[in-house]
Amino acid sequence: MSETSKLIEGRTGPWEIVLGLEVHAQVASKAKLFSGAAVGFGAGPNEQVSLVDAAMPGMLPVINGYCVEQAVRTGLGLKAQINLKSHFDRKNYFYPDLPQGYQISQYKDPIVGEGEVIVELDDGRTFTVGVERLHLEQDAAKLIHDLDPNATYVDLNRAGTALMEIVSRPDMRSSEEAVAYVKKLRTILIYLGSCDGDMDKGNLRADVNVSVRKPGAELGTRCEIKNVNSFRFMQQAIEYEARRQIEILEEGGSIAQETRLFDPGKGETRSMRSKEEAHDYRYFPDPDLLPLVLDPAWVKQIEDSLPELPDAKKARLQAQYGLSAYDAGVLIIEQARADFYETAAKGRDAKLTANWVTNDLAARLAAGGLDIADSPIGPDAIAELVQLIEEAVISSKIAKDVFERMWAGDGRASEIVDKAGLKQVSDTGALEGIIDALIAANPGQAAAVKERPQAIGWFVGQVMKETGGKANPATVNQLLRAKLGVD
Ligand code: MN
């Protein structure tokens with residue numbers, strides 16, 4: 001049982017949810033898996049269809065080497081075994097969006113074997129999800145039911161697009177863990193460049209296998225929820241489905257193994273079809289395709305070209321910059337964000353820089369719906385702002401104001417500070433004048449401080465007010481204590 005397991009209370013006591021995921025990740029390739037037809041979002045219906053994709057008689061599939069390379073890259077990124085020999089099988093089923101009458105997939109010998117994904121939860125706990133396999137397969141076409149009340153249309157653009165199906169072990173115990181797993185997997189895929197991870201376009205979607213059991217008992221019968229394409233839906237679908245199963249079991253019923261669909265409008269899952277077993281598909285090796293044999297030197301070459309991946313980057317940021325696991329974790333969610341940070345942090349206070357990147361800047365970008373690559377404030381500009389704080393030219397409070405002006409396009413931090421006269425006043429002469437006048441004008445308050453030293457805060461506030469927040473608080477405190485006779 002996972003460390004982070006969350007039990008759901010039913011009438012007959014606690015139940016444990018067991019989750020395994022089959023994630024379909026579309027390979028970021030310009031062409032399909034077995035044809036030269038283009039892959040692209042937004043093309044008109046049936047504009048990206050070759051004779052192979054339309055399954056015209058006599059057509060032969062030709063494997064796309066780029067897609068194979070991406071599957072190997074992904075396998076390596078998942079620390080998985082790369083199978084130097086794999087083969088393609090036909091998975092037979094009739095479906096109107098599958099013109100061949102079968103899907104070319106990999107059954108017995110997938111291109112990638114066992115691997116693992118280390119997953120972080122929001123509270124900082126980590127756990128490992130085992131990857132059972134990754135195989136290459138074709139996507140189906142798309143049926144369109146809402147153009148005509150009496151007809152269904154088919155758009156073959158998606159037919160034959162390359163998918164990597166990444167099958168996990170049933171290692172997740174809550175919707176939170178499942179969502180965190182897919183988020184981490186998505187981050188890794190984006191770092192690798194093998195899938196763009198755009199869930200809105202359906203480029204990453206998950207089939208979620210849900211079962212429940214009493215803790216320690218055998219695995220229960222599972223239901224598979226098909227094609228969940230958002231993190232919110234995944235959480236809702238899992239929670240609904242687990243409750244549904246618990247209620248059936250508590251009433252003495254049993255779970256029928258089936259495939260279900262999540263209806264986001266109703267927030268519930270409903271039965272789609274009874275679940276097939278592998279033998280129902282009559283898998284057999286595709287006679288049109290030779291076994292896929294990889295050269296170990298080529299695999300090594302791919303391995304050597306892998307970028308620094310999220311886990312390694314996180315560990316390095318912590319070690320190199322002394323960042324907390326949390327800060328490093330937030331920075332590595334996007335490669336561009338980590339790069340931005342490292343540019344900004346050069347020669348600067350690493351923690352302070354991390355705060356500006358992960359808090360103020362991240363919040364501004366999110367509010368504007370902007371990617372960090374499109375940030376109007378670049379890493380050098382953040383570095384300059386941090387330098388002004390480090391050198392006590394401005395206080396952290398004034399820095400917030402400077403940052404807002406930078407965002408509004410008023411210029412660089414030092415220009416704004418000069419133009420608006422925001423420099424912190426640390427000049428004791430100037431501050432002493434203000435303090436002397438305040439003490440003279442408020443003898444009652446001065447006497448109160450002698451009785452109760454905490455009352456000095458009132459004077460600090462007044463000095464700040466007089467200087468428009470620009471007085472250096474440490475200097476002000478020091479001067480006030482000396483003049484009011486407080487230790
Ligand atoms: Mn599949």
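Biologist: What covers the buried residues of α14?

Modeller: In this predicted model, the cover includes three other helices: α12 (428-441), α13 (443-451) and α15 (473-484).

Biologist: And which residues of α14 are buried?

Modeller: Helix α14 spans residues 456-466, and its buried residues are Ile456, Phe459, Val460, Gln462, Val463 and Met464.

Biologist: Where is glutamate 466, and is it buried or exposed?

Modeller: Glutamate 466 is in helix α14 too. Its relative accessible area is 54%, and because exposed means over 50%, glutamate 466 counts as exposed.

Biologist: What comes just after α14?

Modeller: Glycine 468 sits there, with a positive phi of about 60°.

Biologist: Which residues have a positive phi although they're not glycine?

Modeller: Asparagine 227 is one of them, at about 50°. Arginine 282 is another example, also with a positive phi of about 50°. For background, most residues other than glycine have a negative phi.

Biologist: Where do I find those two, and how exposed are they?

Modeller: Asparagine 227 belongs to strand β12 (residues 223-228), and with a relative accessible area of 44% it is partly exposed. Arginine 282 is in the loop between β14 (268-274) and β15 (284-285), and its 56% makes it exposed.

Biologist: Changing topic: which residues hold the manganese ion's protein donors?

Modeller: His24 gives its NE2 atom, while Glu137 and Glu165 each give an OE atom. Along the sequence the spacing reads H-x112-E-x27-E. Glutamate 137 is in strand β7 (residues 126-138) and glutamate 165 is in strand β10 (residues 162-168), so the pair ties together parts that are 28 residues apart in sequence.

Biologist: Are those two glutamates buried or exposed?

Modeller: Both glutamate 137 and glutamate 165 are buried.

Biologist: Which residues line it?

Modeller: The lining of the largest cavity is Val52, Asp53, Asp97, Leu98, Pro99, Gln100, Gln138, Asp139, Ala140, Ala141, Ala159 and Gly160. By class that gives six nonpolar, three polar and three charged residues.

Biologist: How far is tyrosine 95 from alanine 141?

Modeller: Their C-alpha atoms are 9.8 Å apart, though the two are 46 residues apart along the chain. Tyrosine 95 itself is in the loop between β4 (89-92) and β5 (102-105), and at 34% relative accessibility it counts as partly exposed.

Biologist: What about the second largest pocket, how much space is in there?

Modeller: About 1,400 Å³. Its lining has 42 residues, and Lys183, Thr187, Gly329, Ile333 and Arg337 are the ones nearest its centre.

Biologist: Which element supplies the largest share of that lining?

Modeller: Helix α2 does, with ten residues. Other elements that each supply at least two include β6 (115-120), α3 (231-250) and α8 (350-368). By class, the lining of this pocket has 21 nonpolar, eight polar and 13 charged residues.

Biologist: Where's threonine 259, and what does it touch?

Modeller: Threonine 259 is in strand β13 (residues 258-263). Leaving out residues up to four places away in sequence, it touches Glu224, Lys226, Arg270, Ser271, Met272, Arg273, Ser274, Lys275 and Glu276. With 1% relative accessibility, threonine 259 counts as buried.

Biologist: Last bit, the whole protein. How many helices and strands?

Modeller: There are 15 helices and 16 strands.

Biologist: What's its radius of gyration, and what would a compact globule have?

Modeller: The protein has 30 Å, whereas a compact globule of 487 residues would be near 23 Å. The C-alpha atoms fill a box of roughly 100 × 55 × 50 Å along the principal axes.

Biologist: And what share of residues is buried?

Modeller: Of the 487 residues, 48% count as buried. As for contacts between residues at least 6 apart in sequence, 67% join residues at least 24 apart.

Note on methods
Residues numbered from 1 in each chain as written. Predicted model: local features only at pLDDT ≥ 70, side-chain atom pairs only at ≥ 80, totals over all residues. Heavy atoms only, no water. Donors = N, O, S within 2.8 Å, 3.2 Å for Na, K, Ca; no water. Helix = DSSP H or I, 4+ residues; strand = E, 2+ residues; numbered from the N terminus. Buried < 20%, exposed > 50% of the residue type's maximum accessible area, 1.4 Å probe, protein only. 1 Å grid on protein atoms, 1.4 Å probe; cavity = no way out; pocket = protein on both sides within 12 Å on 5 of 7 lines; lining within 4 Å. Nonpolar A, V, L, I, M, F, W, Y, C, P; charged D, E, K, R; others polar. Rg over C-alpha atoms; globule rule 2.2 N^0.38 Å. Contact = heavy atoms within 4.5 Å. Points joined across faces, edges and corners; volume = space filled by probe spheres on them.
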